[in-house]
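This report describes a single protein chain, moving from its charged pairs to one of its helices and then to the chain as a whole. Please keep the sequence and the structure in view while reading.

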Amino acid sequence: MSDTGTGRARRRQTVLSLTLCALFAALTAVLSWAAIPMPWGVPYNLALIAVYLAGALLGAKRGLAAMLAYVLLGALGAPVFSGFGGGLARLLGMTGGYIAGYLPTALAVGLAADRWGRSAKVMMLVMAAATLLLVYLPGTLWFTVYSRGGYSFGAALMVCVVPYLAGDAAKIALSGALAGKLYGLLPALRSAR
């Protein structure tokens, strides 16, 4: 292939990668909007599906880039968070720790997918571990700090984690089952590597 052809192919790969990252940032926003408000302020939404699939389908670097784009858009005021919210105050608010957990979760799922493949079993195990350690833990710690003594860590777990366990398990099962199938069906994901 000539230098011109190589340069063109590289540009095409870059455009495809950027497009995929933008699509997953947008998907995260759309699934964040599909939210059920809860009385204690942490809404139930579907955003984790996009987070899991960004890592599983795009890989570690691009999955992280997609979530970084989502978080930065929200921090800059774009209404990408649940309830069509945005802004730095929202990111630093009571749910900010959970949103920040999207970044390492996409990275961890992507690293696992890149290293061990996208079998449903591997994906579900990694997604579950990432949810517990990278979303629930920092999110609940931040919620506890944000409440300024209003909630102990245990009390925060009872309102910020326990009510979401069944729904998040369903998101993990769905995302884990879809990861390998979608990756196999969409050659653009493989060619963008």
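## Salt bridges

A salt bridge is counted here when a side-chain nitrogen of Lys or Arg lies within 4 Å of a carboxyl oxygen of Asp or Glu. The model is a predicted one, and by this rule the count comes to 2 salt bridges.

One of them joins Lys171 to Asp168, with the closest N and O atoms 2.7 Å apart. Both residues belong to helix α8, which covers residues 165–185, and because they are 3 residues apart they are separated by about one helical turn. An α-helix has 3.6 residues a turn, so residues three or four places apart point the same way. With buried taken as under 20% relative accessible area, Lys171 counts as buried because its relative accessibility is 5%, and Asp168 likewise counts as buried because its value is 4%.

A salt bridge also links Asp114 with Arg118, where the closest N and O atoms are 3.4 Å apart. Here Asp114 counts as partly exposed, since its relative accessibility is 44%, whereas Arg118, at 14%, counts as buried.

## Helix α5 and its end

Helix α5 is made up of 15 residues, 102–116, and at 1.5 Å a residue it should therefore span 21 Å; its end C-alpha atoms are 21 Å apart, which agrees with that expectation. Within α5, the residues Tyr102, Leu103, Thr105, Ala106, Val109, Gly110, Ala112 and Ala113 are buried. Just after this helix comes Gly117, which takes a positive phi of about 90°.

## The chain as a whole

The protein chain contains 9 helices and 2 strands, and from the N terminus on its elements follow the order α-β-β-α-α-α-α-α-α-α-α. Along the principal axes, the C-alpha trace spans about 65 × 35 × 25 Å. For 193 residues, a compact globule would have a radius of gyration near 16 Å, and the 17 Å of the protein chain therefore agrees with that rule.

How much of the protein chain counts as buried? Of its 193 residues, 44% do, while the chain exposes about 9,400 Å², of which carbon and sulfur atoms supply 74%. Considering the contacts between residues at least 6 apart in sequence, 67% join residues that are at least 24 apart.

Technical notes:
Residues are numbered from 1 along each chain as its sequence is written. This is a predicted model: local features need pLDDT of at least 70, side-chain atom pairs count only at pLDDT 80 or more; totals for chains, interfaces and linings use all residues. Side-chain values use heavy atoms; hydrogens and water are left out. Helices (H or I, at least four residues) and strands (E, at least two) are DSSP runs, numbered from the N terminus. The expected span of a helix is 1.5 Å times one less than its number of residues. Buried means under 20% relative accessible area, exposed over 50%, partly exposed in between (1.4 Å probe, protein chains only). The radius of gyration is taken over C-alpha atoms; the globule rule is 2.2 Å times the number of residues to the power 0.38. Contact means heavy atoms within 4.5 Å. Accessible areas come from the Shrake-Rupley method with a 1.4 Å probe; for residues, only the protein chains shown count as cover.
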